[in-house]
Amino acid sequence: MESMKPGDQVEKYRIISRLGEGGMGEVFLAEHTAIGRNVAIKILRPEVASQNEAVSRFVQEARSVNRIGHEHIVEVTDFGTTPTGAAFFVMELLVGESLGQRLLRERPWPQRRACNVAMQIAAMNPVSVSKD
């Protein structure tokens, strides 16, 4: 099965272009056709869309992102299936570069900046520490 292409419709979203891909899915720039808002849509790859475990992990990813609810984590706003039956979720569109891209572009990082970023990451997922 082939990937989505510009002009394809996914429910109320029109695909504009492909932004990237990962092991389980592809991410596309899309437009909400009623309100004209640009969003990012992550669609499960056709070759894994029929695997129950993969679909379950994909759904869990969308739920986990929303449960965290942190300013440094993208917000998931919608969920559904494509006309071919592949699961997808819709996220706010963020423009910029990833932390990995920034680290490759700016080396070495000043200690203050590295500590600031590390503290932001740690604040996203507080860990309880036992006194044992």
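## Basis of the description

Throughout this report, a residue is called buried when its relative accessible area is under 20%, exposed when that area is over 50%, and partly exposed in between, with a 1.4 Å probe and protein chains only. At 58% relative accessibility, Glu 53 therefore counts as exposed. The model is a predicted one, in which local features need pLDDT of at least 70 and side-chain atom pairs count only at pLDDT 80 or more, while totals for chains, interfaces and linings use all residues. Residues are numbered from 1 along each chain as its sequence is written, and side-chain values use heavy atoms, with hydrogens and water left out.

## Salt bridges

A salt bridge is taken here as a side-chain nitrogen of Lys or Arg within 4 Å of a carboxyl oxygen of Asp or Glu, and this rule gives a count of 14 salt bridges. One of them joins the side chains of Arg 57 and Glu 53 at 3.6 Å, N to O; both residues belong to helix 1 (residues 52-68), where they sit four residues apart, about one turn of the helix. Helices (H or I, at least four residues) and strands (E, at least two) are DSSP runs, numbered from the N terminus. Arg 57 has a relative accessible area of 45% and is therefore partly exposed.

Glu 97 takes part in a salt bridge with Arg 102 at 2.6 Å, N to O, and in another with Arg 105, where the closest N and O atoms are 2.4 Å apart. Glu 97 is partly exposed because its relative accessible area is 31%, and Arg 102, also with a relative accessible area of 31%, is partly exposed.

## A charged network around Arg 45

Salt bridges also link Arg 18, Glu 21, Glu 26, Arg 45 and Glu 47 in a network. Within this group, Arg 45 is placed in the loop between strand 4 (38-44) and helix 1, and it is buried because its relative accessible area is 14%. The side chains of Arg 45 and Glu 21 are joined by a polar contact of 2.5 Å, a polar contact being a pair of N or O atoms within 3.5 Å, of which, within protein, one must be able to donate a hydrogen and the other to accept it, and for which residues adjacent in sequence count only if both atoms are side-chain atoms.

## The loop position of Thr 84

Thr 84 lies in the loop between strand 5 (76-81) and strand 6 (87-92), and its relative accessibility of 54% is why Thr 84 counts as exposed. The side chain of Thr 84 makes a polar contact of 2.9 Å with the side chain of Thr 82. Between Thr 84 and Ala 49, which are 35 residues apart along the chain, the C-alpha separation is 9.4 Å.

## The largest pocket

A pocket is defined on a 1 Å grid over the protein atoms alone as an open set of points where a 1.4 Å probe fits, with protein on both sides within 12 Å along at least five of seven lines, and lining residues have an atom within 4 Å of a point. The largest pocket is lined by 24 residues, and those nearest its centre are Leu 94, Gly 96, Glu 97, Ser 98 and Leu 99. Strand 2 (13-21), strand 6, helix 2 (99-105) and helix 3 each supply at least two residues of this lining, with the largest share, five residues, coming from helix 3.
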